Amino acid sequence: MKSAPRLTSEMVAEVMTKGRSIKSDSFLFKYIYKPNDKARFGFVASKKNFPTAVERNRVKRRGRATLRRILTSLPLPSIGAFIFNKEVLVVSTEKLAEEIEQVLIKSGILVKP
């Protein structure tokens, strides 16, 4: 499946200021429903939590790959940002997938059959 379009910097700023939040062990998920847009997701790994670019890129790649596996059906039109904390480095891929799926279901973006 092709990945969802990424967020622009303006969209990230909008999500950060106006978005609703759901906290998980490995990340904070902020989202806004956008009825006239596609579903778009972004991944934020701050330099404060991940000092090297290698770590930041690894965390974001891992998040995108996990989200790609979860989103087999089209989610509701919304924009969301996953803001990772240091715990994501020690969490298994299966646990990260479970956390992302639970957060998307809780937010109402993903509906499980």
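The structure is a predicted model, in which local features need pLDDT of at least 70 and side-chain atom pairs count only at pLDDT 80 or more, while totals for chains, interfaces and linings use all residues. Residues are numbered from 1 along each chain as its sequence is written, and side-chain values use heavy atoms, with hydrogens and water left out.

Along its principal axes, the C-alpha trace of the protein chain spans about 35 × 30 × 25 Å. Three helices and four strands are present in the protein chain, and their order from the N terminus is α-β-β-β-α-β-α. These elements are DSSP runs numbered from the N terminus (helices: H or I, at least four residues; strands: E, at least two).

The accessible surface of the protein chain comes to about 6,700 Å², and carbon and sulfur atoms account for 54% of this surface. Areas were computed by the Shrake-Rupley method with a 1.4 Å probe; for residues, only the protein chains shown count as cover. Of the 113 residues in the protein chain, 40% are buried. Buried means under 20% relative accessible area, exposed means over 50%, and partly exposed lies in between (1.4 Å probe, protein chains only). Among contacts (heavy atoms within 4.5 Å) between residues at least 6 apart in sequence, 79% join residues at least 24 apart.

The protein chain carries 23 positive and 10 negative side chains, and the centres of the two sets are 5 Å apart. Lys and Arg count as positive and Asp and Glu as negative, with His and the chain ends not counted. Each charge is placed at NZ of Lys, CZ of Arg, CG of Asp or CD of Glu.

A pair of aromatic rings is described by the distance of the centres and the angle of the planes. Rings of Phe, Tyr and Trp (its six-membered ring) pair if their centres lie within 6.5 Å; planes under 30 degrees apart count as stacked, over 60 as edge-to-face and the rest as tilted. By this rule there are nine aromatic pairs. In one of them, the ring centres of F27 and F84 are 6.2 Å apart and the planes are at 80°, so the pair is edge-to-face. F27 belongs to strand 2 (residues 27-33) and F84 to strand 4 (residues 78-84), so the pair ties together parts 57 residues apart in sequence. F27 and F84 are both buried. One aromatic cluster is formed by F27, F29, Y31, Y33, F41, F43, F82 and F84.

G63, in helix 2 (residues 53-70), is buried, with a relative accessible area of 0%. Leaving aside neighbours within four places in sequence, G63 is in contact with F43, F84 and I100.

A45 is in the loop between strand 3 (40-44) and helix 2 and is buried, with a relative accessible area of 11%. Not counting residues up to four places away in sequence, A45 touches F50, R56, V59 and K60. A45 and F27 are 18 residues apart in sequence, and their C-alpha atoms are 9.6 Å apart. R68, also located in helix 2, is partly exposed, with a relative accessible area of 35%.
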